[in-house]
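Thanks for coming. Please look at the sequence and the model on the screen, and then we will go through a few parts of the fold.

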Amino acid sequence: MAMAFKMATTGMHVTDECTSSFMEMKWKKVHRYIVFKIEEKSRKVTVDKLGGAGESYHDLAASLPVDDCRYAVFDFDFVTVDHCRKSKIFFIYWSPEASRIRAKILYATSKAGLRRVLEGIHYELQATDPTEMGFDIIQERAK
């Protein structure tokens, strides 16, 4: 556990693929979501999965592992009551209870560094099980 804390305090390097994929999602709408993971040995945040423009929030939720932590961003498109099309980007910190303590510490302490790199996030969710990040919660937050 001391090693996880040491690694977390020395900082993580966010790869260029993370930032370029996020910009493609934000500006070009190429991706619906991006799942990020931390490579513990190299201390890098990398892209784990890219969700195509046609994929849904349910596809994102299904792609998160049940026993390991991840970060994810989701581009939520919706129409307001005034019939205006809007888009909000959600940052999700996924930390399931079945994940290792070391991973939980590493992801929790590295979250701020990734958030600084990903400019333009509107909302943040933290979830330990799927019910804490249900689609109804996304819809409610975006109102």
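Is R100 buried, partly exposed or exposed? Buried means under 20% relative accessible area, exposed means over 50%, and partly exposed is in between, with a 1.4 Å probe and protein chains only. R100 has a relative accessible area of 43%, so R100 is partly exposed.

Some ground rules. This is a predicted model, in which local features need pLDDT of at least 70 and side-chain atom pairs count only at pLDDT 80 or more, while totals for chains, interfaces and linings use all residues. Residues are numbered from 1 along each chain as its sequence is written, and side-chain values use heavy atoms, with hydrogens and water left out.

The pLDDT is the predictor's confidence in each residue, from 0 to 100. The protein averages 91, and 92% of the residues score at least 70. Residues 1-10 have a pLDDT below 50.

Next, the strands. Helices (H or I, at least four residues) and strands (E, at least two) are DSSP runs, numbered from the N terminus. Strand β2 covers residues 31-39, and seven of its nine residues are buried, so β2 is largely enclosed by the rest of the structure. Two strands pair if DSSP finds at least two bridges between them. β2 pairs with β3, residues 44-52, in the antiparallel sense over eight bridges, and I34 stands opposite L50 in β3. β2 is also joined to β4, residues 70-79, by four bridges, and these two run antiparallel. There, Y33 has F74 in β4 as its bridge partner.

Now the inside. A nonpolar core is a set of buried Ala, Val, Leu, Ile, Met, Phe, Trp, Tyr and Cys residues joined through side-chain atoms within 4.5 Å. The largest one has 22 residues, and F36 and V73 have the most contacts inside it. Helix α4 gives the largest share of this core, four residues.

Last, salt bridges. A salt bridge is a side-chain nitrogen of Lys or Arg within 4 Å of a carboxyl oxygen of Asp or Glu. By this rule the count is eleven. R100 pairs with E40, with the closest N and O atoms 2.4 Å apart. R100 is in the loop between β5 and α4, and E40 is in the loop between β2 and β3, so the pair ties together parts that are 60 residues apart in sequence. A further pair is E124 with K111, at 2.7 Å between the closest N and O atoms. K111 is buried, with a relative accessible area of 18%.

Note on methods:
Contact = heavy atoms within 4.5 Å.
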